[in-house]
Amino acid sequence: MSVADGLSRLASGSRTESVLSEDDNGSTVSLSRTMSVSQADIVRGIQAAEALAADSNGFFRFGDFFCKGTQAFFSSKICVAFVNLRPIMPGHVLVCPARVVERFSDLTDEETFEVWRLARDIGAALQEKLGVSGMNFAIQDGKAAGQTVPHVHIHIIPRKSGDLARNDEVYEKLEEFDGSQARAGAASDAVLPGAVEKLKLHVPPDSERKDRSEEEMAAEAKEMRELLFQKWYVHPTSQAPSRLLSA
């Protein structure tokens, strides 16, 4: 599929999708909704990530690393979105193609379209949730650009006025981030406190950014799956389900 075909596919057509959910009384309910192709793709990707997280042997690739499925909040045959080990900012997450490919120029048209569409939709959900006024979408393409994990990935970084002394300092932080990711030998975890609607962003120095536990990573990935589900699944009633279940 070419980028032009993808844009046409996004702009037209709809599908009726069903999802299993749980209401406030703990009862499993089935919801059906006619959605745009884009919405349907997001819901299926969330469901696939739920299944990946529920599988004790589930994993996804990030460069040479085999990351636990519990760290993913979106998964498809084309791309994966996951939380960070040492986020630069609250809500800093990653999107990469499912196929391990080092350079951006090596992506297919379909991969290019899908990773950027997913980054856009995740960014929109995070901006609304965290109450930030801007977003960085960044790729370090090749070693000379600061890439240390040889797998194309987009950094999605929520921003707020005054969160850094110099706005371009975020790119220096990215170099520190990618280096610490590689040294830690893992790729996971973002800060997304579910109960906090508006966040004051604070950027700790790299020496203070500690590796997070698997439990924290799993909890935050689950929080992201819920966030995307609530943002992009248009419910037929005013009562939104409390949590998404695997299909």
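A: Start with aspartate 41: its relative accessibility is 12%, and since buried means under 20%, this residue counts as buried. Keep in mind as we go that this is a predicted model. The salt-bridge partner of aspartate 41 is arginine 117, with 2.6 Å from N to O between the two side chains. Aspartate 41 belongs to helix α2 and arginine 117 to helix α3, so this contact ties together parts that are 76 residues apart in sequence. Arginine 117 has a relative accessibility of 7%, so it counts as buried too.

Asp41 and Arg117 are linked with Arg44 and Glu114 in a network of salt bridges. Arginine 120, at 41%, counts as partly exposed.

Then there's the salt bridge between lysine 231 and glutamate 128, whose side chains meet at 2.7 Å, N to O. Lysine 231 sits in helix α5 and glutamate 128 in helix α3, so here the parts tied together are 103 residues apart in sequence. Lysine 231 is partly exposed, with a relative accessible area of 30%, while glutamate 128 is exposed at 53%.

Now for the nonpolar side of things. The largest nonpolar core has 29 residues, and the ones touching the most other members are Phe73, Val93, Ile122, Leu126, Ile156 and Met224. Several elements give two or more residues to this core, and the helices on that list are α2 (37-54), α3 (109-130) and α5 (214-232). The strands on it are β5 (72-75), β6 (79-83), β7 (93-97) and β9 (154-159). Apart from that core lies another one, of 10 residues, including Leu52, Phe60, Phe62 and Leu94.

Back to the helices for a moment: α3 and α2 are tied by the arginine 117 and aspartate 41 pair, and α5 and α3 by lysine 231 and glutamate 128.

How values were computed. Residues numbered from 1 in each chain as written. Predicted model: local features only at pLDDT ≥ 70, side-chain atom pairs only at ≥ 80, totals over all residues. Heavy atoms only, no water. Core = buried A, V, L, I, M, F, W, Y, C linked by side-chain atoms within 4.5 Å. Buried < 20%, exposed > 50% of the residue type's maximum accessible area, 1.4 Å probe, protein only. Helix = DSSP H or I, 4+ residues; strand = E, 2+ residues; numbered from the N terminus. Salt bridge = Lys/Arg side-chain N within 4 Å of Asp/Glu carboxyl O.
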